[in-house]
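Subject: Handover of a structure and summary of findings

Dear colleague,

Please find the structure below, handed over for your further work.

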Amino acid sequence: MAARGFRLSVTQRTLLVIVVLAVALFGYWATRGAGATPSTSGAPVPVSAADAQKQLDELTIAARTSMDGYSREKFPHWDSQGAGCDTREVVLKRDGKDVKTDKDCKALSGTWTSVYDDETWTKPTDLDIDHMVPLGQAWASGAKSWTTEKREQFANDLTRPQLFAVTDNVNQQKSDKAPDQWKPPLVAFWCTYATDWIVVKHYYGLTITQAEKTALTDMLRRC
């Protein structure tokens, strides 16, 4: 006689489903809760020059609009990323070496090399977290019409190559300028600067000017 197969009763099956769902929910909230460890994985890998050129050609060329109505407050930034860390602190830890933080996740020490000028710093106060495509530049090339939620996503984007720890006064020189108005002092970074700028603008559907496209095309030739 063949052995009888093992079968669960309706009650047992129901209990099993409940247990599985409970485990899944626990895992979800464990990674999102206040005690979760924020991601500090490496910065996004630049795309190839060929892919960047393709994306550049897909961008809409339009005149840069005015900055009327712009303020940084319209781009809520430095959101909480878990474990008491905000976006700024996550980038500082990601981009630095041997970063030491206090109990509130604030960086106390470490070593950071700015991609814009190749200068090395050991004090977090010497660094700004730069938006590759500046907030004001985004406002003037399409973000003015976005929802606040989309502007918040843009200002805290850790997935695209949008946030970098860089020398503070260099970042201040950049301000809200596009590549036709400002380029990093480190010429060796121009290729990556161009591909990153294009990737961010392409993902968010922002426009570019003809002068901006010309500058980006020239920078891509250095790849």
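Glycine 110 belongs to strand S2. In this predicted model, glycine 110 has a relative accessibility of 11% and therefore counts as buried, the cut-off being under 20%. Not counting residues up to four places away in sequence, glycine 110 touches Lys97, Asp98, Val99, Trp121 and Thr122. One of these contacts, aspartate 98, lies 12 residues away from glycine 110 in sequence, while the C-alpha atoms of the two are 5.2 Å apart in space.

The sheet around S2

Strand S2 (residues 107-113) runs antiparallel to strand S1 (residues 97-101), and 3 bridges join the two. Lysine 100 is placed opposite serine 109 of S2, and threonine 101 has alanine 107 of S2 as its bridge partner. The hairpin of S1 and S2 has 5 residues between the strands, and in this hairpin cysteine 105 adopts a positive phi near 80°. The open sheet consists of 3 strands in the order S1-S2-S3, with antiparallel pairing. S1 and strand S3 (120-121) each have a single partner strand and stand at the edges, so one side of each is left without a neighbour in the sheet.

The chain as a whole

The protein chain contains 8 helices and 5 strands. Their order from the N terminus is α-α-α-β-β-β-β-α-α-β-α-α-α. Of the 223 residues in the protein chain, 39% are buried. Among contacts with a separation of 6 or more, 72% are between residues 24 or more positions apart.

In soluble globular proteins, nonpolar side chains tend to be buried together. Here, the largest nonpolar core comprises 33 residues, and Phe75, Tyr116, Phe154 and Tyr193 are those with the most contacts inside it. At least two residues of this core come from each of helix H2 (49-58), helix H4 (135-139), helix H5 (148-155), strand S5 (163-167), helix H7 (190-204) and helix H8 (210-220). The element that gives the most to this core is H7, with 7 residues.

Phenylalanine 154, leaving aside its neighbours within four places in sequence, is in contact with Phe75, His131, Val133, Pro134, Leu135, Ala138, Trp146, Gln162, Val200, Tyr204 and Leu206. There is also a second, separate core of 9 residues, which includes Val91, Leu92, Val99 and Leu127.

As for H8, its buried residues are Glu212, Lys213, Ala215, Leu216, Thr217, Met219 and Leu220. H2, H4 and H7 are included in what covers these buried residues of H8.

The second largest pocket

Which residues line the second largest pocket? They are Tyr70, Arg72, Ile129, Asp130, His131, Pro134, Leu135, Asn171, Ser175 and Asp176. By class, the lining divides into 4 nonpolar, 3 polar and 3 charged residues. Strand S4 (residues 127-131) makes the greatest contribution to this lining, with 3 residues. The volume of the second largest pocket is about 160 Å³.

Yours sincerely

Note on methods
Residues are numbered from 1 along each chain as its sequence is written. This is a predicted model: local features need pLDDT of at least 70, side-chain atom pairs count only at pLDDT 80 or more; totals for chains, interfaces and linings use all residues. Side-chain values use heavy atoms; hydrogens and water are left out. On a 1 Å grid over the protein atoms alone, a cavity is a set of points where a 1.4 Å probe fits but cannot get out, and a pocket is an open set with protein on both sides within 12 Å along at least five of seven lines; lining residues have an atom within 4 Å of a point. Grid points are joined across faces, edges and corners, and a volume is the space filled by probe spheres set on the points. Helices (H or I, at least four residues) and strands (E, at least two) are DSSP runs, numbered from the N terminus. Ala, Val, Leu, Ile, Met, Phe, Trp, Tyr, Cys and Pro count as nonpolar, Asp, Glu, Lys and Arg as charged, and the others, Gly among them, as polar. Two strands pair if DSSP finds at least two bridges between them. A nonpolar core is a set of buried Ala, Val, Leu, Ile, Met, Phe, Trp, Tyr and Cys residues joined through side-chain atoms within 4.5 Å. Buried means under 20% relative accessible area, exposed over 50%, partly exposed in between (1.4 Å probe, protein chains only). Contact means heavy atoms within 4.5 Å.
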